[in-house]
Amino acid sequence: MAHHHDDADTRRDAAREALEQGRATLGIELGSTRIKAVLVGDDHAVLASGGHAWENQLVGRTWTYSLDAVWEGLRAAVADLIADTEQQHGVRPTSLAAIGVSAMMHGYLAFDGDDDPLVPFRTWRNTSTGPAAAELTELFGYNIPLRWSVAHLHQAVLDAEPHVPDVRFVTTLAGYVHWRLTGRKVLGVGDASGMFPVDPATHDYDAELLARYDALAADRLPVDHLRDLLPQVLVAGQEAGVLTDEGAALLDPTGTLRAGTPLCPPEGDAGTGMVATASVAPRTANISVGTSIFAMVVLEKPLATVHHEIDLVTTPAGDLVAMVHCNNGASELGEWAGVFGRFATALGSDAGADEVFGVLLREALEGEADGGGLLAYNYLAGEPVTGLEEGRPLIVRTPDSRLTLANFVRTQVYGAFGTLSLGMRILAAEGVEVDAMYAHGGLFRTAGVAQRLLAAAVDTPVAVGRTAGEGGAWGIAVLAGYLASGASQDLGTYLTTRVFADAEIEVVAPDPADVAGYATWLERYEAGLAVERTATEVL
């Protein structure tokens, strides 16, 4: 016991020393419901954290967050972080090695020549950009989703919005916060790749596509070149400015945080998610399973053709990433767990929700590899990948199928991965190869089940970390640490040798019987989409 106590003491002393000597890095992420701040020490472990809950608002017909709410939220999260640091370590963090800012990608923040905002922040949730996105996708031969910044800007041009002639700068939420903290209009390449297509060879906006846009917009833009409205693109490890006196006051009115601290390039939540799962090198990928489910695959070369199901962005180091994003994830499985949980309670069991979920998932492993003839659709919302405007969760089976609890739950898990498989199949047809996938999300808390079934669904080894990562705020703190380290190694090597070298990661290889069974199931699932389509028409 004494030995363990010594370890804890040593760790505490090391943490305190890192804080006192200004070696810790600060990562801040503005997510859609929470602003998080974390301090990370020498060994990349979290020393302290703070947070603040916030919600988007529908103003007029636009999803937005007020810029006042941005700064109130940031100050609250930082104050919470400083209090946590003081409580845990007895130190107020005055000097830091580096700071990083991350936020939800895409959307539209537009400013005039006096740096004043022209319209309320339009977030990624707004879908009013259909005509612009379609026109640009056609013009570029490159998929431009509705939420991308250039789609927002071009829609404003098409609608001849009165603010357009005054626009002098357009950026994302992370770019805006970073600019106010440092005075620099820059953006990390990952976040920039969700504003306008990036050329992986130059790690900058695609010059040919910029020229095409300039020709299209001609006299409708207030400047000759779209590039003049966009932030400068930087890659991970590049110096992106320092915290100014004004910036320090915005973040922390108490004056604890000193000006002069370097900042790494601001990034989007997709990029920090890749860092947090060590999947930034070509042939690596990560899959996030929550309300929605998406896979990010780092490519070795650009795709041959445009696919509306696939978004292209980049890692924070500038490598091209294919993103398969499905609107529907594990929510329907959660609903069923609730039904079984209530049944357990009615029987007099005192099992909690996690225990019920665990029992159901483990039962799935007893099911038949092809689900025994059962089909499940988890579509609570519409699903662009399969071309459905609305969703209807469904269970369908033939009279000769075998309805057992094991087959039922296995099919529900398969149902969470079905749409993703169809998107991944497009990548496979393009010749994209993946060595390992890193999976994260609540579904993987029950050891070995969803992980094994996902390995079957993507026919690739699936890795799950045993530590619940702090997510994006930790990811951007690691990117700040990469800057502070001198960035002499490439980012992928830095992550594998310095950050994740001792991480507990379990890898499960696909079981051939599971792979064959899932393939049979997926064939039925795809044919059965006609039933789902009919359901949306009649129900």
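**Strand order, helix packing and selected loop residues**

With a relative accessibility of 43%, A218 counts as partly exposed, a class that lies between buried (under 20% relative accessible area) and exposed (over 50%), computed with a 1.4 Å probe on protein chains only. The place of A218 is the loop between α7 (207-217) and β12 (232-234), where helices (H or I, at least four residues) and strands (E, at least two) are DSSP runs numbered from the N terminus. Phi of A218 is near 30°, a positive value in a residue other than glycine.

The model is a predicted one, in which local features need pLDDT of at least 70 and side-chain atom pairs count only at pLDDT 80 or more, while totals for chains, interfaces and linings use all residues. Residues are numbered from 1 along each chain as its sequence is written, and side-chain values use heavy atoms, with hydrogens and water left out.

A positive phi is also found at A160, with a value near 45° in a residue other than glycine. A160 belongs to the loop between α4 (149-158) and β8 (169-171). With a relative accessible area of 61%, A160 is exposed.

An open sheet of five strands has the order β3-β2-β1-β6-β13, with mixed pairing; two strands pair if DSSP finds at least two bridges between them. The edges are held by β3 and β13 (267-268), each with a single partner strand, so one side of each is left without a neighbour in the sheet. Strand β1 (residues 25-30) pairs with β2 in the antiparallel sense over six bridges, and a hairpin of three residues joins β1 to β2. Within this pair, L30 has I35 of β2 as its bridge partner. The β2-β3 hairpin has five residues between its strands, and H44 in the turn has a positive phi of about 70°. Strand β2 (residues 34-40) is mostly covered, as five of its seven residues are buried.

Strand β6 (residues 98-103) and β13 run parallel and are joined by two bridges, with A103 opposite G268 in β13. Helix α5 packs on the sheet, where it touches β1, β6 and β13, and its direction makes about 145° with that of β6. Contact here means heavy atoms within 4.5 Å, and axes are lines fitted to C-alpha atoms, for helices over the stretch in contact, with angles from 0 to 180 degrees between N-to-C directions.

L96 lies in the loop between α2 and β6. With 9% relative accessibility, L96 counts as buried. Leaving aside residues up to four places away in sequence, L96 touches G22, A24, L26, L39, L257 and T261. L96 and T261 are 165 residues apart in sequence, yet 6.4 Å apart in space, C-alpha to C-alpha.

Helix α5 (residues 173-182) also packs against helix α2 (residues 67-89), at an angle of about 70° and with the axes 12 Å apart. The two helices are therefore roughly perpendicular to each other, a label given to angles of 65 to 115 degrees, whereas angles under 35 count as roughly parallel, over 145 as roughly antiparallel and the rest as oblique. L67, V70, W71 and L74 of α2 meet L173, Y176, V177, R180 and L181 of α5 in this contact. By class, the residues of the contact of α2 with α5 are eight nonpolar, no polar and one charged, with Ala, Val, Leu, Ile, Met, Phe, Trp, Tyr, Cys and Pro taken as nonpolar, Asp, Glu, Lys and Arg as charged, and the others, Gly among them, as polar.

An open sheet of seven strands, also of mixed pairing, has the order β16-β17-β15-β14-β20-β21-β22. Five bridges join the parallel strands β14 (residues 284-289) and β20 (residues 436-440), with N286 partnered by Y438 of β20. Helix α12 (residues 405-429) lies across β14, β15 (293-298), β16, β17 (320-326) and β20, and runs at about 25° to β15. The axes of α12 and helix α11 (residues 353-364) come within 7 Å and cross at roughly 95°.
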